[in-house]
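Here is a short report on charged side chains.

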Amino acid sequence: MIRSVVFDVGETLIDETRIFARWADRLGVPRLAFFGLMGGMLTQGRELTDAFRAVKPGFDLDAESAAWRAEEPHSLRESFDEGDLYPDVRPALAALRGMGLQLIIAGNQPLSAAPALEAMNLPVEQIHVSDAWGVAKPDPAFFTRVGEVAGVGHGEILYVGDRLDNDVVPAQEAGMRAALLRRGMLGYLHAGRPDARRADVLLDGLDELPEWIAEQG
């Protein structure tokens, strides 16, 4: 029986389109070109930041983020707000909460993401980010922490994310169940891979989740 549902953040709850659009603007490259370049890197199995370095050789994410923050201290920059929340998030969370499930957010995010999520007043019990824990997915220690904060058996936890490598596989190796969400650049890519069948369920949207969990008994 599933008692706790834990959600990734980027491209699970948060649509990152505006974030990457702002990065394209900052780097001085047309948005469509930047999005295509990011997709090309991912299909090659390369890091997303390789797209940034292709546009700006020598790109250093930490240094560029610090400079951006200093120049535009009051703008969203690489962060997010209520406007970036996927439209199916609130209805799905409300339905799951109504089923008596414990809901937790835990993903690879900077410290600033926690207050941004808290400001949305989502119907979840806990919000955790990797930078606060000092460990990030897919490190097994991240999922150990997930189990600790959930306070239930690992087999009673469903982790929901958009990636096989960061979400599905390490969650299952930790003894949890895992849902693969088919959205976002990586979500669509990973859903088309043979390994996608490893996921306990493949979702086209979070609105499908309550019914699936109800069917598990």
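The text below goes through salt bridges, then a charged surface patch.

The model is predicted, so local features need pLDDT of at least 70 and side-chain atom pairs count only at pLDDT 80 or more, while totals for chains, interfaces and linings use all residues. Residues are numbered from 1 along each chain as its sequence is written, and side-chain values use heavy atoms, with hydrogens and water left out.

The whole structure holds 18 salt bridges. Each is a side-chain nitrogen of Lys or Arg within 4 Å of a carboxyl oxygen of Asp or Glu. The table lists some of them.

| Salt bridge | N to O distance |
|---|---|
| Glu-64 and Lys-56 | 2.7 Å |
| Lys-137 and Asp-167 | 2.6 Å |
| Asp-165 and Arg-163 | 2.9 Å |

Lys-137 and Asp-167 form a salt bridge. This pair links distant parts of the chain, 30 residues apart. Lys-137 lies in the loop between α7 (130-133) and α8 (140-150), Asp-167 in helix α9 (residues 164-173). Helices are DSSP runs (H or I, at least four residues), as are strands (E, at least two), numbered from the N terminus.

Both Lys-137 and Asp-167 are buried. Buried means under 20% relative accessible area, exposed over 50%, partly exposed in between (1.4 Å probe, protein chains only). Glu-64 is buried at 12%; Lys-56 is partly exposed at 36%. Arg-26, Lys-56, Glu-64 and Glu-71 are linked in a salt-bridge network.

Asp-207, Glu-208, Glu-211 and Glu-215 gather in a negative surface patch. Patch residues have over 30% relative accessible area and no salt bridge, with like charges joined within 9 Å. Glu-208 sits in the loop between β6 (201-203) and α11 (209-215).

Note on methods:
Patch = residues over 30% accessible without salt bridge, like charges linked within 9 Å, V, L, I, M, F, W, Y side chains within 5 Å. Areas by Shrake-Rupley, 256 points an atom, 1.4 Å probe, with all protein chains shown as cover. Lys, Arg positive; Asp, Glu negative; His and termini not counted. Charge placed at Lys NZ, Arg CZ, Asp CG, Glu CD.
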